[in-house]
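Good morning, and thank you for the time. Please look at the structure as it comes up.

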Amino acid sequence: MQLFQIIGGVLKIDPATLSDQSNALNTPNWNSLRHIEIMLAVENAFGVRFSMPEMVSMQNIGDMRQLLIGKGVTFDDAAAPPAQMQA
Amino acid sequence: MSHRSIEAFKRLVRAPAVLVCTSEFSEDGPLSVRELEYIAPAVVSRRSDFATGRACAVAALRQLGTEVRSLERSEGRQPVWPHGTLGSITHCEGLCAAAAAWAGEVRFLGIDAEPNVPLKDKVLERISSRAERDGIAAGDGSGFSGKTLFSAKESIFKALYPAVDAYFGFEEVEILFSGGDGLFTASLSAMLQDRTGLKEIEGRYATTLEHTMTVVQVAR
């Protein structure tokens, strides 16, 4: 299961532009309502449930990934930044 | 069409609070050094939302008679309103606004605006109780929708957060439906009652073709 794919789908942006550093500030279309939609999509995809404190504590995708790992989730996609950010 | 939203939003805020509202977005807002540092890595649309919101806030504070030039920013990422004042900022597609008041006259103040498009069923289910969903489904012809309910809870969160000093969930607030007069009442959880001294809180709402807007304003 790919975290970037899920979040990119909710935000209607190319998943390749996302990294673990992506957040509401540096990512288009990520507002408070979209944040909830992201949480619900991730919950549905990985069969987990986030509490409210968990939802608001996630500052970026990396935080979300760590929280999911703590809930026993494993990932197919790498946590590395996209290619254009590695140059 | 945004002028209808602007006029409707202005009618929701009552003196002694003031509201500054615009549909014109710009990246050239009056930002403090700390805010400039914060917003530097943001995408253009986010910078524009942020700067326009701060411009509205400064204009509202000046209407109150202050000489503030910019807002500071707390470690908790919240705007720091000048001593003796309080306020609230909102922005969404096509609309940006800030409300401000003297803290000696207004105890709680929160505003929110959202595009007037339906809330997804799964989101509504997550942010509302069965009774709230039943209230929306019953309908009263006033345009109070799931999106209005979301906006109302956002306004309540913004109004109460300074007193509560912690994030709280949508389930801590339950909207009570009373009759399509542009007013809503919300009951507060025991935790919120303890922190605010209020059992219930009232707000006002309005909808246009483009937006749904809510205001929570509690006098001293």
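Predicted model: local features only at pLDDT ≥ 70, side-chain atom pairs only at ≥ 80, totals over all residues.

Residues are numbered from 1 along each chain as its sequence is written, and chains are lettered from A and ligands numbered from 1 in the order in which they are written.

Let us take the contact between the chains. Twelve residues of chain A are in contact with 13 residues of chain B; contact here has C-beta atoms, placed from the backbone, within 7 Å. On the chain A side, α2 (32–46) and α3 (52–57) each supply at least two residues, and α2(A) gives the most, with five. Helices are DSSP runs of H or I, at least four residues, numbered from the N terminus.

Now to helix α4 of chain A, residues 61–70. Which of its residues are buried? They are A:I61, A:M64 and A:L68. Buried requires 20 or more other C-beta atoms within 10 Å of the residue's own, and exposed 12 or fewer, with C-beta atoms placed from the backbone. Seen down the axis of α4(A), these buried residues fall within an arc of 55 degrees, so they line one face of the helix; the arc is that of the directions from the helix axis to the C-beta atoms. They pack against α1 (3–11) and α2 of chain A. On the other side of α4(A), A:I69 and A:G70 are exposed.

How values were computed:
Contact = placed C-beta atoms within 7 Å.
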